[in-house]
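Q: Hi! I'm new to reading structures, could you walk me through this one?

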Amino acid sequence: MFFLNHIWIIPLLPALGAALMFFFGRKLSKSAVSFFCVGLVVVAFVFSCLTVLQYTGWAAAHNHQPFEKIVYTWLGSDTSNLGYLTHSGRAADFHVDAGFLLDPLSAIWLLFVTGVGMLIHIYSIGYMAHEGGYYRFFGYMNLFMFTMLTLVLGNNYVMLFVGWEGVGLCSYLLIGFYFLKKSATNAANKAFIVNRIGDAGFLLGMFTIAWYLGSFRFTQITEVARSGRLSTGDPTITLACLLLFVGACGKSAQVPLYVWLPDAMEGPTPVSALIHAATMVTAGVYMVARSNALFVLAPEAMKTVAIIGAVTAIFAASIGLVQNDIKRVLAYSTVSQLGYMFLALGVGAFAAGVFHVFTHAFFKALLFLGAGSVIHALSSEQDMRHMGALVHKIPTTFKTMLIATLAIAGIFPFAGFFSKDEILWQAWSADNGAYRALWYIGYATAFMTAFYMFRLMYLTFWSPSRVEHEVEHHIHESPKSMTIPLIVLAFFSLFAGFLGWPHSLKGSNRFEKFLEPVFAREATQFDKSGKEAQLAAAKKEEEHANPTEYFLMILSLGAAFAGWGLAKRSYGKAAEGYTEPIAATAPPAYRVLYNKWYVDEAYDYLFTGRRKLGPVRLGAMGAGEAAWAVDANFVDGGVNGAGWTTRALAKLSVWWDTWIIDGLLVNGIAYSTRPLSWLTRMIQWGLVQWYALVMVAGILGFVLYYIFR
Amino acid sequence: MVPISYYLVLSAILFSLGVVGFLIKRNLITLFMSIELMLNAVNLAFVAFAWQWKSLNGQVFVFFVMVVAAAEAAVGLAIIIAVFRTRETLNVDRVNLLKL
Amino acid sequence: MIQAVDYIRVLPEIVLTLFGVAIMMVEGALPPRASRKPLGWLAFVGTLAALAATVYQAGYPGMAFFGMVRVDSFSIFFHFLIAFIAALVVLSSFEYLDAQQIRGGEYYGLILFGAVGMVLMSSAVELVLIFIALEISSISTYVLAGFRRRAPSSIESSIKYFLLGSFATAFFLYGVALIFGATGSTRIYMIAETIQGGKHSAMVFTAVALMFVGIGFKIAAAPFHVWTPDVYEGAPAPVVGLMSTAPKAAAFAVLLRIFFAAATPGWFWPVWISAALSMTLGNISALVQDNVKRLLAYSSIAHAGYLLVAFAAARDIGISAAMFYTAAYALMNVGAFAVVSHFASAGERYVTLEDYAGLGRRSPVLAATLTIFLLSLIGIPITGGFFAKFYVFSAALKSNLVWLVIIAVVNSAIAAYYYLRIIVLMYMRDAREPAPTVQNVSAPLGVALALTVAATIYLGVLPGRVLDYASRGAALLVR
């Protein structure tokens, strides 16, 4: 029980590393930095493994309950002076513990966050060796591990939120790691701002739940949700779930808040691998899965999740088809795969969604690290148009990336096949086929995925070389510290899927079974057949024997191979100046895809207020200005005339520009706030007697109030 | 016998005189004396109330207030001298470096 | 009869006075060219002894000196806080006095004498004693404000503080006289009995209003806040650190006693209005400031406003929220001013916002420390400022002060702007040329900063204990 009882040590290990870097990092040598930072993450991983091992033993003896360890009361106190009323009028205590929760769901996240995190830390030793700010990088990475583990292990929404904000902060810091690069700081700001929108939703959802159910604690909320006292389709629960999902959309880059993730690739590649592919972006999935007991009570919210997931999947995949930056292709692929996960959650296949998170963490981290290795080899070249024929020059990178590509394309028996196929099958069969339209979307996405991934492989490794001459001489395989993590990840990309070997292929789907205590009761409630849980397993076996499933499996394999084949035909011999097949056949479609459906531009027009048509600002901010102008005209029009309004409008525009647009980044605040300073100026003249007069006026006011009240 | 309200009204008038003096006079020393006037107006009120409640407390308070006023005078005059050294004026309107 | 235990109940005051007197005597005996540092250490030991005396005193609750002084968890809370602040200020003054080339040992003595007054304010339950304690603390701070004798701004700050301070105290005293006239007593608990007996004459109301002036002046609540920016700008930075926290804490203690323990009626709307005004005026004026000390002065006005929100809230929760807020605010403000005083250098040259540009790169630890204090002043989670605001707002919401909370929340949002501006300047701007030189942080200041950071974070991560203590104090206060 030692490890279980001291579970709080796990997040503290990387926190210690981060603190060391903060205080002493500057003075430490590179080897000392890597020793501490990487070492602590390795210890955290070993600790996590032992903890989970102990948990499985403990759970078997305790009816598969979640394990909770409350370290201390964080908010709220024993005098209960923080009470509030829940919606039913019952007095509830505002109470939040610094508590930790370990159940199969958090165990899975714990294992792959520390595991993949450890590998990426090791990889970074080689990758960052020649970069400035070495200690800063590792400090941030350790801080990220700390916050991510807090997120995963917290036993209530507030802890989860603390971690949630923490990973957001680390993501911001690491995207902007090369802070001298304008594009990097812009990307960091974009990520930060878009995530704030999501966070607002999350916060509102969290407080709605607390108000409605009287607790922040997962176990208590789950208990209430499963008690049967709440009816399915309860509007408040639906609202809360939708708000939570807004948060998930921000963090996990779903339509319409996905725009920050592709830009986030400005950060160093290990960051993209760790934060923006394997771990942080799956936090939204974790949160929704963690709230599964609530979501099953809100079918409308579930439907929304499923539809948003499917739309995101195909939308991002379509953009990924034509991008030329190797990391951007992978970024869109990540968005698309996250869409798959939400699709699974939305149709009620929580275990399938989590399974995809799990396998995806390995192969996507591998793809990013592989891409990093390619970029490293090509002296920081990221454009696939200047790559090619690297297959023999960097063989280890090639082999491992090929495995990952096979996995993500969903080719048997690689990891992605099992998880993706499970999702597609669930989309087909859930609720007696109510979601079948989403299956078609998922299927089309699978084909696109295979195509753009093999496009990447062909352009990078197999097609004739288009590498520039100076660069060509320097091509080299990456150092051991980088290739070993690749090999380890490749191993998992190959075999991790076997954990979820489906019933239909005579497997036992250990993964789903492991997660059953977290999701089981929902599953029975969800298919409304009213059968007992014991019968469900048998039924599943039966269901899976359905010939349709074999047929769908073969279909999706077919799609994967078709995508591969098409990519080979189009890019197998892509020499210097090759043309994109889509550009050749349908130029308008190519333009739209290449410009990412013009979403960034649309947001620019609609929300940022940067776009103007002549003097008129467009979008929401323009509407605000216009409304103000109309108002001013209406009220003062007769008196002051149009000249005044124009001047006021111009003034407002200046005010707006200097305050909101340039906002915090501009120094000229003393000038721009002059309109506000009249108030201060009026009072603070610097004359003693004036001050005394103000005071006397105040006194007279108070005394008169007392006398005449 | 003079009713207590007479004393109180006198005290209020003296206090108000102090306040007005503080507000309109320009010389730092005069300002300071206005404050002394306010304190002494309060002393009068204390004594009057002591008489009304037939308690000695009010009388004793006056001594405390006088002591405090004396301490304040010591510090205040020292500060005023320091002002005169840096500004070479006792006009309160000229003490206006710090504003906004 | 005066018993031995009575002296224990004023032990921190006695200890501080003795150390203060000792400092004044040693100061005279030291040769004129000798360093005054030993006196600083003596003062530091004095504050530590006062802390120890406070802890010891906690075992002897009760009234002392014929019901003039009362020791309970409420006064212990403030004793501890004030002594702690004094210790921090002494620590952060060593380096400052060196940098400004001030050789006056009485500086440390005055800090201790000021602390005596403040400590006495929080435990006195008799209005004339409160007045005397108020004057003890005021007179010391008048002198401290003018301690940079060669700088005209410092002298000006001193004279302004002195004139307006005495002016406000006269009103307070008039209020005391009136309440004495109305109730026949100046002891808070006896006044409470009389007032609960149903005597609500206009005189009581006027007295409360007049007393609110004196206290409102000390805590810098609008419309009695006008002196704050000028005085804070001119006074030596560590003294501002003291002035903006410890006397405020003491004055809040007095205000809590007058309003809640004495159960004086009719203070709700004045406090409401004063709170709203303080927040709004403070924050809006802070937006346009270029001088960091002045900016923090306006910020302290705004914080007084947030604190008054807690006063307007219902009794028990409001009091504990106010106590917690006082502690959290005092710590972060002392810390912020310690950083400012270090950075200001000789003659307080570097106090404008532009001077802070690029500090994040030149002196990362100092900048990070200041950032923590600023984040706490904004009220970002895991800092004490967050919970302070949180408790105050939730207490106010519980008392259905929805509008006041809305005003407060809007104000917090405005406030975030100017605090963040400093952070942005520090981290995202290049230093102007020639860049201000940043000296190394000396050990005592380093200790003071580490303590304040730790305490700020402690209140943000583990607020439970302090809050519970405050709740107990609050419960005792209202009984």
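This is a predicted model: local features need pLDDT of at least 70, side-chain atom pairs count only at pLDDT 80 or more; totals for chains, interfaces and linings use all residues.

Q: Let's start with confidence: in chain C, where is it lowest and where is it highest?
A: Good place to start! In chain C, confidence is lowest in α21(C), with a mean of 82, and highest in helix α5 (residues 106-123), at 95. The score is pLDDT, the predictor's confidence in each residue on a scale from 0 to 100. Helices here are DSSP runs of H or I with at least four residues, strands are runs of E with at least two, and both are numbered from the N terminus.

Q: And what does chain C average?
A: Its average pLDDT is 89, and 99% of the residues score at least 70. The model scores ipTM 0.96 and pTM 0.66.

Q: Okay, α17 of chain C. How many residues does it have?
A: Helix α17(C) covers residues 364-378, which is 15 residues. From first C-alpha to last it reaches 20 Å, close to the 21 Å expected at 1.5 Å a residue; the expected span is 1.5 Å times one less than the number of residues.

Q: Is α17(C) mostly covered or mostly open?
A: Mostly covered: twelve of its 15 residues are buried. Buried means 20 or more other C-beta atoms within 10 Å of a residue's own, exposed means 12 or fewer, and partly exposed is in between, with C-beta atoms placed from the backbone. Among the buried ones are L366(C), F373(C) and I378(C).

Q: New topic: which residues have the most contacts inside the largest nonpolar core?
A: Those are V42(B), I82(C) and V309(C), in a core of 250 residues. A nonpolar core is a set of buried Ala, Val, Leu, Ile, Met, Phe, Trp, Tyr and Cys residues joined through C-beta atoms within 7 Å. Helix α15 (residues 315-344) of chain C gives the most to this core, with 21 residues.

Q: What does V309(C) touch?
A: Leaving out residues up to four places away in sequence, V309(C) touches A275(C), V392(C), A396(C), L404(C) and A408(C). Two residues are in contact if their C-beta atoms, placed from the backbone, lie within 7 Å.

Q: How many residues of chain C are in contact with chain A?
A: 41 residues of chain C meet 33 residues of chain A. α9(C) gives the most to that side of chain C, with seven residues.

Q: And with chain B, how many?
A: There, 30 residues of chain C are in contact with 33 residues of chain B. The largest share of that side of chain C, 17 residues, comes from α7(C).

Q: Last one: why does I408(A) count as buried?
A: Because I408(A) has 30 C-beta neighbours inside 10 Å. I408(A) is found in helix α17 (residues 395-409) of chain A. Not counting residues up to four places away in sequence, I408(A) touches F363(A), G416(A), T449(A) and M453(A).

Methods:
Residues are numbered from 1 along each chain as its sequence is written. Chains are lettered from A and ligands numbered from 1 in the order in which they are written.
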